[in-house]
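Me: I have this model open and would like a close look at a single part. Could you walk me through the salt bridges and what they join?

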Amino acid sequence: MQLGWSISPNLAEIPLMLDAVREMVETVLDLDDAGAVELAVAEALNNIVEHGQLLPTAVIYLDIVADATSDCVTIVIRDSGRPIPPTMLDNASASAFDFDPDDLINLPEGGMGLSIICAAMDEVAYETGAGGNQLFLTKRRTPVKSTSQS
C-alpha cells in the first residue's frame, strides 16, 4: 500500500500527519516499531518546519510505502527548504545522548533531532538537488520471537 500526504510548513499540522502515519505503519509493524517510526517522522517534520526556512506557501510532502506482506515500511519526506548540511547527517550518532541528566546546567537544549531519527530507523538516507530535498526512512519489521516450549 502506498499513501501520500502534504502539509504546509506549520507545526500545528504535524500531529494530524503523525496520526495518519501511525495508523498506516501499525498495519505492518508492531507497536514499538510503529512508535519509533512516528518519533522519527515527528523529528524530521519539526526540523523541516523549524530549520528549513520554507515560505508559508510551501508544501511538505510525505509518502509512505507499507504493505502487510512486506518486511519494512519506507517513508519519503520531500521539501523545498534549506538542505541539511552534508556533514550533519553523517555525524548524527548515539553520542548525542551521552550527557549527565543530573547536570541540569549543561543539559543539551537541542541538536539531537537527526540522532533521534537515525536511532529510531534502520536506514536513513538523504538527497538534495534542484528538485528539493528528500529524506528516506526505512524501518524493518522486527522478527517475532518464538516461544516454543521444550
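**A close look at the salt bridges**

Reply: Happy to! Let's start with one arginine in this predicted model: Arg140 is partly exposed, with a relative accessible area of 36%. Its side chain meets that of Glu123 in a salt bridge, at 2.7 Å from N to O. Glu123 is also partly exposed, at 42% relative accessibility. The two residues link distant parts of the chain, since Glu123 sits in strand E4 (residues 123–129) and Arg140 in strand E5, 17 residues apart.

That pair is one of 4 salt bridges in the structure. Next, look at Arg22 and Glu38, whose side chains form a salt bridge of 2.7 Å, N to O. Arg22 belongs to helix H1 and Glu38 to helix H2, so this pair ties together parts that are 16 residues apart in sequence. Arg22 is partly exposed, with 23% relative accessible area.

Now move to the strands. Asp63 forms a salt bridge with Arg78, and their closest N and O atoms are 3.1 Å apart. Because Asp63 lies in strand E2 and Arg78 in strand E3, the pair ties together parts 15 residues apart in sequence. Arg78 counts as partly exposed, at 30% relative accessibility.

How values were computed. Residues numbered from 1 in each chain as written. Predicted model: local features only at pLDDT ≥ 70, side-chain atom pairs only at ≥ 80, totals over all residues. Heavy atoms only, no water. Helix = DSSP H or I, 4+ residues; strand = E, 2+ residues; numbered from the N terminus. Buried < 20%, exposed > 50% of the residue type's maximum accessible area, 1.4 Å probe, protein only.
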